[in-house]
Amino acid sequence: MGKQAPSKNIVVQYTKYDQGQGNTSLAYDGKDIYKWSAKTAYPTESWGYFDRQGNEICYIKRDRDLGQTFKYTEVKKKRLVAITVQLGFGTNVVRRGMYGQPISIQLLEVSGTPKLNNNGSDSTLEAFHGFPHDRNGKDIASVRDDYWEGETYKTIAVFSGGYFPPKSAFGFSESDTIPPNHIHLKGNYLTFKFPNKHKIMLETGKTYAFLIMIDNMGEEAGFALANEYYGSYPHGHGIRRDGNGTFPPAPADPHKDFADPANAQAYRTAHFPKDFKQRIAIAPSTNGYPDVDTWRDFVFYIVAE
């Protein structure tokens, strides 16, 4: 982790990010929250999604892995050495429970040609989910719920054993309580280095992807990545793994407890399987709730030799 981006042996990169307050994040939080705008006795956040009649549908906030697809275009094969991403610049950059937590990265090969699915909302109809989320009071542009279909993801390798940096890496003591929007958190670079013994070779013309994962559920476990929502990287796009991969999320009853049998299906769709192998078997996509990664590109650097 550090303030400097890689400067040598970069074979693919995207360096643009939105200057605003976006908080697009990895999340594996142990505290359940309803995505719902009306009053209830249980914790809520923002809005749900909408049906074709304009009714708001409540769901449970979903766990999330984040990453990016990219194309290797150099003539010669090279060994993947490292992948670097950048922490975000919003108001929720590093959540309080994230420091020192184990993290992993999944590498995948991507095949197929992406085809856009407009989720039933063409240019004449507002999106059913997506920023600014309040479809009843604000316009949600029709493209905000579009997602790509037609791509297939094959796992190459999963690397575990890494840890999110401790507080000391950001200049704090371990006893400090750090606001998640602290200026010292923003814009730092997080690097995953791959051992020499694992020769992940990048081949010309192939498309690859990486997904960054928080290993364990924990209180306030999450961190934001710098990105540009309407990105311009020509050979790929942001991806995510949302909950158990079910779309749309199963509706929840916000007036009943999260553990109530009435919310059993909603709870399952919100969370990753406890078995890590089952989790990594869930194919990523650009679809997500509340937002999509269809148009998004994350800041990333692919280093190879």
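1. In what follows, Ala, Val, Leu, Ile, Met, Phe, Trp, Tyr, Cys and Pro count as nonpolar, while Asp, Glu, Lys and Arg count as charged and the others, Gly among them, as polar. By that division, the lining of the second largest cavity has 10 nonpolar residues, with no polar and no charged ones. The model is a predicted one, and the remarks below should be read with that in mind.

2. The residues that line this second largest cavity are Phe70, Leu80, Ile83, Leu107, Leu108, Ile156, Ile200, Leu202, Tyr208 and Ala209, and the volume they surround is about 50 Å³. Strand 9 (78-86), strand 10 (102-111) and strand 16 (207-214) each contribute at least two residues to the lining.

3. Of its 30 lining residues, Gln21, Gly22, Asn23, Thr24 and Asp291 are the closest to the centre, and the lining as a whole comprises nine nonpolar, 11 polar and 10 charged residues.

4. The second largest pocket has a volume of about 320 Å³, and 20 residues line it, with Pro114, Pro234, His235, Gly236 and His237 nearest its centre. Strand 8 (64-71) and strand 10 are the elements that give two or more residues to this lining, which divides into seven nonpolar, nine polar and four charged residues.

5. There are 12 salt bridges in the structure. One of them joins lysine 61 to glutamate 45, with the closest N and O atoms 3.1 Å apart; because lysine 61 lies in the loop between strand 7 (59-60) and strand 8, and glutamate 45 in strand 4 (residues 44-45), the pair ties together parts 16 residues apart in sequence. Lysine 61 counts as partly exposed at 25% relative accessibility, as does glutamate 45 at 27%.

6. Arginine 96 and glutamate 220 also form a salt bridge, their closest N and O atoms being 4.0 Å apart. Arginine 96 sits in the loop between strand 9 and strand 10 and glutamate 220 in the loop between strand 16 and strand 17 (222-224), so this pair ties together parts 124 residues apart in sequence.

7. A further salt bridge links glutamate 109 with lysine 206, the closest N and O atoms being 3.6 Å apart. Glutamate 109 belongs to strand 10 and lysine 206 to the loop between strand 15 (201-202) and strand 16, 97 residues apart.

Definitions and conventions:
Residues are numbered from 1 along each chain as its sequence is written. This is a predicted model: local features need pLDDT of at least 70, side-chain atom pairs count only at pLDDT 80 or more; totals for chains, interfaces and linings use all residues. Side-chain values use heavy atoms; hydrogens and water are left out. On a 1 Å grid over the protein atoms alone, a cavity is a set of points where a 1.4 Å probe fits but cannot get out, and a pocket is an open set with protein on both sides within 12 Å along at least five of seven lines; lining residues have an atom within 4 Å of a point. Grid points are joined across faces, edges and corners, and a volume is the space filled by probe spheres set on the points. Helices (H or I, at least four residues) and strands (E, at least two) are DSSP runs, numbered from the N terminus. A salt bridge is a side-chain nitrogen of Lys or Arg within 4 Å of a carboxyl oxygen of Asp or Glu. Buried means under 20% relative accessible area, exposed over 50%, partly exposed in between (1.4 Å probe, protein chains only).
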